[in-house]
Amino acid sequence: MDIRRGIAVSPGIAIGSALVLDTEGVVISRRTVPAEQLPAEKLRLFAALARAATEARSRERILTEQIGRDVGILTGHAVMYEDATLRRDVEKLIDDQHYSAEFAFSRHIRAIIRRFDDLPPGHDFTRLRSDFFDLERQVLNQLLGVVPSEPAPPAGEPVIILAADLTPSETAQLDPQTVHGFATESGGPTSHTAIMAGALEIPAVVGIGRFLHDVSSGDTVIVDGGSGLLIVDPDPATIEKYRRLRQAATQESDTRVEVTLRDVPPVTRDGVRISLLGNIEFPTEAVNCIERGADGVGLYRTEFLYVNRTTDPTEHEHYEAYKAVLTTLGPTRPVVIRTLDIGADKFSSASAMLTAEKNPFLGLRSVRLCLKNLKLFKTQIRAILRAGVHGEVRIMFPMVTTVMELRQCKSLMAEVVEDLEEAGIPFKARIPVGTMIEVPSAALMADVLAKEVDFFSIGTNDLVQYTLAADRNNENVAGLYNPADPAVLKLIKMVCDAAKARDNLTVNVCGEMSGEAMFTPLLVGLGLRQMSATPRKIPEIKRAVRNLTIADAERVAFEALRMETAREVTTYLREQQRRYSPDAAD
Ligand code: PEP
Ligand code: MG
């Protein structure tokens, strides 16, 4: 039994057979062969490539049956094994250098991988790198006669995906019926992969560090998404313990928390109503917000319209998606539609608008990209305004860094209104406009931005990364990336104060921070009266709200703001959580 610790990103327990999607390298030592053996060495290579191609095609068939849809990755590998240029290049190395087939193949593939490392950053080559490592491994297995120790799990059986990394779009395509959990070597706590896992309610652990070498497809594994553990080859007692935990968790979420809390309002003990909204990525999740007792949708991340496609969505596609959400939520529940936030780690290869950049997180992402591609931006705004006739729509702009950007967005909206009026197309003209506060400059300028909008929504996922200069996707700086950091708290306080001074402008927090009950007293104490979290978290946050008084919350915020380190703040907030919500699980 081998226990690995990573970052817990989506709670729940999954027990099942591992499906290893890719892995990196074996090191082959340099070996040469005498000249008379070269023809035989080349024949070994060709035979290994042919066998690897046949095997890739048959693994693809099994995978397709397991996942329930065509993955295509392994068929792509088969085509590469059969590629004439690849074969010729490796053959040349054997002829010219007298390398063994293993060393020649490994050397050639490593040279290709090194070329990816030299390309300008901006495009995500992680997937391609892993593909080439996988190609290398499969061909070396063939050459060395290594038979994978365990067969892949039988078709139709639930699997737990283990991978170096999964992109947000790959995660979005996982079918929770078949994929019961996943664990990855890289990734950070608020990466979009993690957010997707939460939305799909698939238990997940990311940022484990290297482990794929020590596990094979077919091994029994446990993913404990609450504690951030991956257990490979668990002993029978551990399996039994986790089965019991899984059963208890299912009963708890079905009965105690959700059902008892769904229909009660999120009101503090002294009668202050807090609005709890849901974050969604897909229209189909709108119903989850209602089932979990949300007051509306606080963040609809529309970039997920790019899943499974490489072209920009049409106005009609935007419109239909928004109409579906608004219709589900009905005439009284607000729906905040956020304009496209593509770029950086999100669908960076989807839109033709995106180009390679050295540092995409600081580059042309999100509203910056939209303001450079007005056609794309106007298409989306038109669809939002048109869909507005179906419900209580609000529009929100992401990644706003300066007041000028916000003014540009608003004037573009005004142009769209004029166009729609002229064309006589039905739409809602006066809809509340909000800005996300997720860049430190926006928090610092909140008093100025407040004059331009109807509401703020603090995106702590990005605010933490930009304040602490710690990539939200990078497990190596996950210790630094912390919403409890005093610098982050000061910025949130600044935003709340600016909103209060502006006639109590509505402020929401829609980053993952608002889904953690530990932060509820602090956020309410800082002045937040609205929070938006993944729907699954709403009952828990509601319970935390109902255990509080505003005076308690203000005292917690006051104390936390005096602290100097994230660790002090976290310890303090955990103590307070135990004090105010003794019934909440630790
Ligand atoms: C955020 O940054 O907190 C946020 C809600 O936006 P996203 O996670 O989609 O970047
Ligand atoms: Mg963000």
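## Salt bridges in the predicted model

Is Asp95 buried, partly exposed or exposed? In this predicted model, Asp95 is partly exposed, because its relative accessible area is 32% and that class covers values between under 20% for buried and over 50% for exposed.

Side chains of opposite charge can pair when their charged atoms come close.

## Lys42 and Asp95

Asp95 takes part in a salt bridge with Lys42, in which the closest N and O atoms are 2.9 Å apart. This pair links distant parts of the chain, since Lys42 belongs to helix H1 (residues 38–67) while Asp95 belongs to helix H3 (residues 84–97), 53 residues apart. Lys42 has a relative accessible area of 16% and is therefore buried, whereas Asp95, at 32%, is partly exposed.

## Arg273 and Asp295

A salt bridge also forms between Arg273 and Asp295, with 2.9 Å between the closest N and O atoms. Both residues sit in loops: Arg273 in the one between helix H8 (236–262) and strand E9 (275–280), and Asp295 in the one between helix H9 (286–291) and strand E10 (297–301), so that the pair links distant parts of the chain, 22 residues apart. Here Arg273 counts as partly exposed, with a relative accessibility of 42%, while Asp295 is buried, with a relative accessible area of 18%.

The side chains of Lys378 and Glu415 meet in a salt bridge with an N to O distance of 2.9 Å. Because Lys378 lies in helix H12 (residues 374–387) and Glu415 lies in helix H13 (residues 403–423), the pair ties together parts that are 37 residues apart in sequence. Lys378 is partly exposed at a relative accessible area of 23%, and Glu415 likewise counts as partly exposed, at 38% relative accessibility.

Beyond these pairs, one network is made of salt bridges that share partners, and it joins Glu303, Arg338, Asp341, Arg365, Asp462 and Arg472.

## Cysteines

A disulfide is a covalent bond between the sulfur atoms of two cysteines. In this model the count of disulfides comes to zero. Cys409, for example, is in no disulfide, and the nearest cysteine sulfur, which belongs to Cys370, is 8.0 Å away; the cut-off for a disulfide is a pair of cysteine sulfur atoms within 2.5 Å.

Cys409 counts as buried, at 0% relative accessibility, and Cys510 is buried too, with a relative accessible area of 1%.

Notes: Residues are numbered from 1 along each chain as its sequence is written. Chains are lettered from A and ligands numbered from 1 in the order in which they are written. This is a predicted model: local features need pLDDT of at least 70, side-chain atom pairs count only at pLDDT 80 or more; totals for chains, interfaces and linings use all residues. Side-chain values use heavy atoms; hydrogens and water are left out. A salt bridge is a side-chain nitrogen of Lys or Arg within 4 Å of a carboxyl oxygen of Asp or Glu. Helices (H or I, at least four residues) and strands (E, at least two) are DSSP runs, numbered from the N terminus. Buried means under 20% relative accessible area, exposed over 50%, partly exposed in between (1.4 Å probe, protein chains only).
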